[in-house]
Amino acid sequence: MDHQKPRLLCSKCLGFGRCRYNGDVIPAPFVEKLGNFCDITAVCPEVEIGLGVPRKPIRIMQHKTTQRLIQPETGTDVTLDMVDFSRRFLGTLGEVHGFLLKYKSPSCGLFSAKYYPEKEGAGASGSGPGFFGRAVLERFPGYPAETEKRLTNFEIRDHFLIRLFTLSRFETLQRGPDAKSLVHFQASNKLLFLAHREQNMREMGRLVA
């Protein structure tokens with residue numbers, strides 16, 4: 001059966017536009033190659049909430065369990081703007097199969113955005129997802145989601161691409177389900193499912209049968 005291209009959401013600064021805080025664009029050869037095989041939507045949440053280019057950097061400031069998104073040099077708090085944009089944008093995104101976001105970004109970061117204490121001049125005290133990145137992880141749990149930095153690891157890259165294209169093909173199947181296509185999908189991916197988790201593979205086999 002014919003398969004559509006996976007739909008991938010990317011940070012706009014990864015080769016799509018000069019939208020970083022300093023006006024730079026990040027060369028991303030791998031993302032450029034993906035454009036031949038994926039339909040890519042690019043977004044910069046910081047620009048979308050009205051921060052200019054160039055702009056003063058923003059930081060995630062943490063006080064106990066509360067986090068705020070602050071522009072330290074101006075004192076501007078953009079927490080509610082970013083939360084509202086993330087909710088609206090992801091809520092109207094439509095079909096998507098994966099996410100490739102900027103490493104360490106206080107907005108787009110998925111795993112390693114720096115968290116700073118409120119004390120002026122203090123260094124980072126922790127790390128985790130940025131505000132937009134967290135919204136992605138919460139709204140699309142289990143979906144392929146990575147940063148350009150982690151994809152320099154070929155094992156992580158391989159795992160990301162397998163998940164991305166397998167999910168896209170399964171969703172293509174769902175739009176016009178029939179027994180023959182489902183059996184073919186299961187048979188074609190049997191060894192892949194087995195490599196990930198044998199119990200799930202056997203359960204899927206029984207469902208298809």
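Reader: What's the volume of the largest pocket?
Author: About 560 Å³. Bear in mind that this is a predicted model.

Reader: OK. Which residues are closest to its centre?
Author: Thr166, Phe170, Phe185, Phe193 and Met204 are the closest to the centre, out of 23 residues that line the largest pocket.

Reader: And which helices supply the lining?
Author: H5, helix H6 (179-188), helix H7 (190-196) and H8 each supply at least two residues of that lining.

Reader: What's in the loop between H5 and H6?
Author: Asp178 is found there. Asp178 is partly exposed, with a relative accessible area of 36%. The C-alpha atoms of Asp178 and Pro141 are separated by 27 Å, and the two residues are 37 apart along the chain.

Reader: Switching to charges. How many salt bridges does the structure hold?
Author: Nine. As a general point, side chains of opposite charge can pair when their charged atoms come close.

Reader: Let's go through some. What does Glu46 pair with?
Author: Arg55, in a salt bridge at 2.9 Å, N to O.

Reader: Are those two buried or exposed?
Author: Glu46 is buried, and Arg55 is buried as well.

Reader: And which residue does Glu73 bridge to?
Author: Lys56, and the closest N and O atoms of that pair are 3.5 Å apart. The pair links distant parts of the chain, with Glu73 in the loop between S4 and strand S5 (76-77) and Lys56 in the loop between H2 and S3, 17 residues apart.

Reader: How exposed are Glu73 and Lys56?
Author: Glu73 is exposed, with a relative accessible area of 59%. Lys56 is partly exposed, at 41%.

Reader: What about Arg202, which residue is its partner?
Author: Glu198, with the closest N and O atoms 2.8 Å apart. Arg202 and Glu198 are four residues apart in helix H8 (residues 198-208), so about one helical turn separates them. Arg202 is partly exposed, with a relative accessible area of 44%, and Glu198 is partly exposed too, at 41%.

Reader: Which residues are linked in a network of salt bridges?
Author: Asp84, Arg87 and Arg88 are linked that way.

Reader: Now Glu148. Where is it found?
Author: In the loop between strand S9 (145-147) and helix H5 (154-175).

Reader: What does its side chain join up with in a polar contact?
Author: The side chain of Lys102, at 3.0 Å. A polar atom of the Glu148 side chain also lies 2.9 Å from the backbone nitrogen of Tyr103.

Reader: Which residues is Glu148 in contact with, leaving aside neighbours within four places in sequence?
Author: Leu14, Leu100, Leu101, Lys102 and Tyr103.

Reader: Moving to the greasy parts. Which residues of the largest nonpolar core touch the most other members?
Author: Leu9, Phe89, Leu90, Leu93, Phe99 and Phe132, from a core of 26 residues. Helix H3 (79-91), S6, S7 and helix H4 (131-139) each supply at least two residues of this core. In soluble globular proteins, nonpolar side chains tend to be buried together.

Reader: What does Phe132 touch, residues up to four places away not counted?
Author: Among others, Leu9, Val43, Pro45, Met82, Phe85, Phe89, Leu90 and Leu101. Ser86, Ser107 and Cys108 are also touched by Phe132.

Reader: And what's in the second, separate core?
Author: That core has 16 residues, including Cys13, Val31, Leu151 and Phe160.

Reader: Last topic, backbone geometry. Which peptide bond is cis?
Author: The one from Val53 to Pro54, with omega near -5°. Pro54 sits in the loop between helix H2 (45-48) and strand S3 (59-63).

Reader: What about phi at Lys64, positive or negative?
Author: Positive, about 55°, although Lys64 is not a glycine. Lys64 has its place in the loop between S3 and strand S4 (66-71), and is exposed, with a relative accessible area of 70%.

Reader: And what is phi at Lys104?
Author: Phi is positive at Lys104, about 70°, and this residue is not a glycine either. Lys104 is found in the loop between strand S6 (98-101) and strand S7 (113-117). Its relative accessible area is 39%, so Lys104 counts as partly exposed.

How values were computed
Residues numbered from 1 in each chain as written. Predicted model: local features only at pLDDT ≥ 70, side-chain atom pairs only at ≥ 80, totals over all residues. Heavy atoms only, no water. Buried < 20%, exposed > 50% of the residue type's maximum accessible area, 1.4 Å probe, protein only. Salt bridge = Lys/Arg side-chain N within 4 Å of Asp/Glu carboxyl O. Polar contact = N/O pair within 3.5 Å; in protein donor to acceptor, adjacent residues only side chain to side chain. Contact = heavy atoms within 4.5 Å. Core = buried A, V, L, I, M, F, W, Y, C linked by side-chain atoms within 4.5 Å. 1 Å grid on protein atoms, 1.4 Å probe; cavity = no way out; pocket = protein on both sides within 12 Å on 5 of 7 lines; lining within 4 Å. Points joined across faces, edges and corners; volume = space filled by probe spheres on them.
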